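Me: I'm new to this one and would like to know where the labels come from. Could you walk me through them?

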Amino acid sequence: MTTTTSAGTRKLTIARAMAEATAQEMRNDPRVFVMGEDIGPLGGVFGNTRGLYDEFGPERVRDTPISETAFIGAAVGAASDGMRPIVELMFVDFFGVCMDAIYNLMAKNTYFSGGKVKVPMVLMTSTGGGYSDAGQHSQCLYGTFAHLPGMKVVAPSNAYDAKGLMTAAIHDDNPVVFMYHKSLQGMGWLGTEKGATVPVPEESYTLEIGKAAVVREGHDVTLVSLAAGVHHCLRAAQALEDEGFSAEVVDLRSLVPLDRETLRASVAKTGRLIVVDEDYHSFGVSGEIIASVVEHDHACLKAAPRRVAYPDIPIPFAPTMEQWALPNADKIVDAFHQMMLS
Amino acid sequence: MTTTRSEVTYTPTFTDGDEFRLPTFKLLQQDGTLYDGAEAPDLDRDKALRIYRAMLFTRVLDERMMAAQRQGRLSFYMQCTGEEAAVIGSTAALDDADMIMAQYREQGALAYRGFTTDEFMNQLFGNEQDYGKGRQMPIHYGSAKLHYMTISSPLATQIPQAVGYAYGQKLAGEKHCTITYFGEGAASEGDFHAALNMATVHKVPVIFFCRNNGYAISTPTIEQFAADGVAPRAFGYKMQVIRVDGNDVLAVHEATRIARRMVVENNSPVLIEAMTYRLAAHSSSDDPSGYRSRKEEEAWREKDPILRMRHWLQDREWWSEDDEKALQESLRREVLETMKRAEKRQPPALETLVSDVYDVITPALAEQLEQLKAHIRKYPEAYPKSAGRGKGGA
């Protein structure tokens, strides 16, 4: 399923990569259409539908009334009718109003229809903070969505992965929640992570959903994360290298399905595990990662695993407070030091 | 049992209700004179000037803080520009102890009730004196003493809450009501419909105040609803409704004054649709040049609600050019000086990260705080103490 393509020199932001993947699929497949708030002439608040309205017009790039209940519910209906809708929930924090459509319909219609109804839709939604937008605009909620059966969940860390995962998501017969992190989006006002803007081939390609990537090899510790957390890990790995340690970084890319094999192989090699998650500490992705490793082989670890996650508090606005709470490279390095002392 | 009062017909007749055309209530023309046949409202000099000062303060605050956002001093901002008459004219028609459940563009209501410049600034900068302890994003004000519920970002969620708050007022036998503000875009959320239905069924003293300002971020009203505005929806719920020129402070005040009487005396909820225009961007994160024309904006600038009220005040000789100049200068100075003080104040203490999540800090949170403290002691240079600057927005 993965098409290996030599990456050219053209760099794209994640926003551009998502828009390009969508445009290519819309050209190929008349069933693909887009709905959401401000996704038309404005091109999406986070830029990921830019250019689509001009090329495909208002019937296929549909600005909607402000009713997530209506347009996400409608997308489930359209997908059940054989269409391949892409809808955008502007901030994942706003899922409350439309969660019925997401987890009771989108995620369950196939199961309850005995497999007769397919729901091939993509729900794009922005995640993450770090730019002082407080606790109703900055959450990740990875664990919340990944916890619920019936939908795939992806979260890319760079534009190459974003394009390949977006194309794969549109092709997928399952509903896919595509969680893009705002700090990786390439929108100036969000303070963009440079490492997310990478060379992206112009031609269409897919990345298999459910495959993690070892983005840096090492042998002393495995740092596992997704989306923005991957970049914190890469910075921490660099800092640790300066101290003489070698950290391996695993980018999950997909939460559902979760690539447990890549995880276990990495920890089997390094013997140490630190999970970095911008989502809440408890009951989430970090616990699942650790359990996935430990329940498979508790003897592979040379030290107790650690997590660098968001504290179990609503995300505060004040920049100082938010920076106190967010995971970062220093916290990862600190966790590694503690691990080596204990 | 069916409750319909419908008569029987033997002809299949469909209707989209378009024969019920709602007029727009207006009193004041742009030059400050009343329309022919319009009656001068009951508004004394003191109150008129209190309203006007709050409107001008809001305009000055908004201009200064948007500039501060552009200078990188503030993470995020939202202006009320163009909608001052709708917000302040309506709040002024209430009792000061009536409850306000706002959306996020109603800073003028707080200004009218006496929220101080310092209180505004402490919230905007999320410093140690902010009532919300630095936790909510800018413009998400709240004031228990001024009966203004802390703003919550998700749209339209304030509308059902307003029904519940007002129901509490009714059960407590208070002669007070709740007003809830929202935009015409938010009125597309299911919460709006559910709340209006419940309000009339339960006979709740609540005023639903829709600021129909033409745009939901980039989405114009023509993409938002097919009907003639938001007001006709009231019929479906058998709710009293009025549409008013939202740039006409006298008409807004008069409509809300009468609405309050109906609400408080008869527990008969009211929907008010104020026709206005969002002259500024949706927020500091938005640029309207991509979706609307300068010409359209200019046409609405001609209908500036503040200028319209000023003309009326000057006509009555309650206000002069000198008064105007003096007030503008003093407001600008006060806003600037207060901002400079607020941005230098410390952020809330580290411990406030984990308080108020529950009434008592849980063991898990206490442990997470201790780990964080130990980490910050090791890396002090990575965590600046001053009330720093973020880059927020929605």
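Predicted model: local features only at pLDDT ≥ 70, side-chain atom pairs only at ≥ 80, totals over all residues.

Me: Why is R62(A) said to form a salt bridge with E223(B)?

Reply: The label asks for a side-chain nitrogen of Lys or Arg within 4 Å of a carboxyl oxygen of Asp or Glu. Here the closest N and O atoms are 3.5 Å apart, so the pair R62(A) and E223(B) qualifies. The rule finds two salt bridges across the interface of chain B and chain A.

Me: What makes residues of chain B and chain A count as "in contact"?

Reply: Heavy atoms within 4.5 Å are what it takes. On that basis, 56 residues of chain B are in contact with 46 residues of chain A.

Me: How do you know what area is buried between chain B and chain A?

Reply: You take the accessible area (1.4 Å probe) that two parts lose on being put together, summed over both. For chain B and chain A that comes to about 3900 Å², with carbon and sulfur atoms giving 57%.

Me: Why are strand 6 and strand 7 of chain B called paired?

Reply: Strands are DSSP runs (E, at least two residues; helices are H or I, at least four), numbered from the N terminus. Two of them pair if DSSP finds at least two bridges between them. Six bridges join strand 6 of chain B to strand 7 (residues 270-275) of chain B, so the pair passes, and the two run parallel.

Me: What makes strand 1 and strand 6 of chain B edge strands?

Reply: The open sheet has five strands in the order 1-2-3-7-6 (chain B), with parallel pairing. Strand 1 (99-101) and strand 6 (240-245) of chain B each pair on one side only.

Me: And in chain A, how do you know that strand 5 pairs with strand 7?

Reply: Strand 5 (residues 122-127) and strand 7 (residues 176-181) of chain A share six bridges in the parallel sense, so they meet the same rule. Within this pair, S126(A) has Y180(A) as its bridge partner.

Terms used: Residues numbered from 1 in each chain as written. Chains lettered and ligands numbered in written order. Heavy atoms only, no water.
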